Amino acid sequence: MRKTAAAHDSSASDEGSERPRQAVKLDDSEAYYRQMADNTPVMTWITDADGKCVYLNKQWYSYTGQSKKQALGIGWLDVVHPDDAQRSGRIFLNANNRHVSFSLEYRLRAKDGSYRWMLDSGLPRFNADGAYQGYVGSVIDINERKHFEQQLRQSEERFRFMAESMPQKIFTVRPDGVVDYFNPLWEQYTGITLQTLLHDQGSRQYIVHPDDLRAVTAVWQKAFRRHQPAEYEYRMRRHDGEYRWHIGRMNPLLGADGTISLWVGSISDVHDMRQATERRHELEIKTATLTEQRAQLMELNQAKDEFISLASHQLRTPATGVKQYIGMLLQGFAGELSDEQKIFLETAYESNERQINIVNDLLQVARIDAGKVTLRKRKTDLVRLVKNVMNEHSSQFQIRNQKLLLKLKSDKVKTPADADRIRMVLDNIIDNASKYTPNGRSVTISLSERQHDVAITISDEGIGIDAADTEKIFQKFSRLESPQVKGVEGSGLGLYWAKKIVDLHNGRISVRSKPGRGTAFTITLPH
Ligand code: ADP
């Protein structure tokens, strides 16, 4: 074998055959080691004390494709990747100056031009006298490992990026229970850094609300014991001291052998959601109560309407009877009356008439509320209707020294309407105009016909209505609180009923008013 090795090594055979036996032995031994070095599966190298490469084994040449001439000295650096060459040369020279062992990683160019990662390790050589001789070293292919490391790093970076960009607080716990990672959101929320936590694992308790701590610890310990995922809701302390509701979830990560290698946890802020749910719940309860109260009120209202209707019916008959008998007395059916008796009976007659009017109003309202009013619509000339109503009111206006004026654009304004009921609506509004206007002033009625409707406006120069009250006056039994109103008789039912009638005609009733200056009611009825 040695012979073969010597034959392979050209430098050994160049030395000549007259050498002394000692030298031949030495050559033999060198050839032996050279052959061994050349046949090891890794690349090996030797440098001299000046740092120049004096030997590279066959693997180097066959991998790089370099010749001895190209590689020896510092030529080997030519096949080190340009991005790694400077660093590698520096590390090597540095070690060479200090005669210490070193190892460095670089990409080495193969003869096909591709690069692979290598680990180059060198050991300083000393002779028997301890004098420094250079280095001996090896170059191992670590490309696979490097690749794997890179993948690992990338996947770790991906995980970190994911964990750091999540809107939840993420953390990991070692199998021994020590927390070893928290994402920045956790730190931002709690104001506690991972460093502080690693130093003092107890500070974890500090961020859980004292009232929730026992439950949370129990859930966590159970999961830890049984190696099962866990979920718990608790209040978590924010850096400013405020506690917010969170859901914490823990999942064990099993290794290849089935044991837990890591616990991964996420904590989500559910405070607003929880409060919204609580508010919704409260609202639901309130709504249910209100619905119940509304139903009770509706029932009461109906009972009241029924009572009014019944009572009015019962009241009307005797009241009408009283009217008849007073009328008969006044007409002298029971003999001659003295003047004083006449005055008393006339007063009784007026009071009785007012009573009957109120009962009639109540009955009308009860009928409309019960949905018992059906309109009998006919083409009606509103000009004629208005003139009739004005005639009926003429004496009332005369007594009060008021003027009742009519403004017309045409002689006839026809529209489908229940004439009797619209007459009563106008009657009521004109009556009000007179009632709530001081003596001596005027009330003007105007009629106009438009493309889709007709409008009747009754304007007075009376006490007026506050803007805030214009809706109120159409409510049942609504009378405004002014002394001028209190001094005038009324039931507060006229406008309520009038609006209902106009609504049944699909019309509108509106009011414009200036307190102290007068009021204008406009009724519009569709064609
Ligand atoms: P009332 O029988 O009290 O007149 P109404 O329903 O007809 O009942 O009117 C309701 C309230 O509206 C009146 O009590 C009064 O306060 C107010 N009102 C109605 N018409 C006028 C008006 N022309 N000017 C001022 N206030 C009015």
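The model is predicted, so local features need pLDDT of at least 70 and side-chain atom pairs count only at pLDDT 80 or more, while totals for chains, interfaces and linings use all residues. Residues are numbered from 1 along each chain as its sequence is written, and side-chain values use heavy atoms, with hydrogens and water left out.

Side chains of opposite charge can pair when their charged atoms come close. A salt bridge is scored here when a side-chain nitrogen of Lys or Arg lies within 4 Å of a carboxyl oxygen of Asp or Glu. By this rule the structure holds 30 salt bridges. One of them joins glutamate 233 to arginine 274, with the closest N and O atoms 2.7 Å apart. Glutamate 233 belongs to strand E8 (residues 230–237) and arginine 274 to helix H12 (residues 271–330), so this pair ties together parts that are 41 residues apart in sequence. Helices (H or I, at least four residues) and strands (E, at least two) are DSSP runs, numbered from the N terminus.

Accessibility was classed by relative accessible area: buried is under 20%, exposed is over 50%, and partly exposed is in between (1.4 Å probe, protein chains only). Glutamate 233 is partly exposed because its relative accessibility is 39%. Arginine 274, at 24%, is also partly exposed.

Other pairs follow. Aspartate 453 forms a salt bridge with arginine 450, and the closest N and O atoms are 2.9 Å apart. Arginine 450 has a relative accessible area of 44%, so it counts as partly exposed. Lysine 486 and glutamate 481 meet through their side chains in a salt bridge of 3.0 Å, N to O. Both lysine 486 and glutamate 481 are exposed. Salt bridges also link Arg238, Asp240, Glu242, Arg244, Asp269 and Asp272 in a network.

Strand E1 spans residues 43–47. Four of its five residues are buried, so E1 is largely enclosed by the rest of the structure. Strand pairing requires that DSSP find at least two bridges between the two strands. E1 pairs with strand E5 (residues 132–141) in the antiparallel sense, over four bridges. Within this pairing, methionine 43 has valine 139 of E5 as its bridge partner. E1 also pairs with strand E2 (residues 53–56), again antiparallel, over three bridges. Here tryptophan 45 stands opposite leucine 56 in E2. E1 and E2 form a hairpin, with five residues between them. In the turn, glycine 51 has a positive phi of about 90 degrees.
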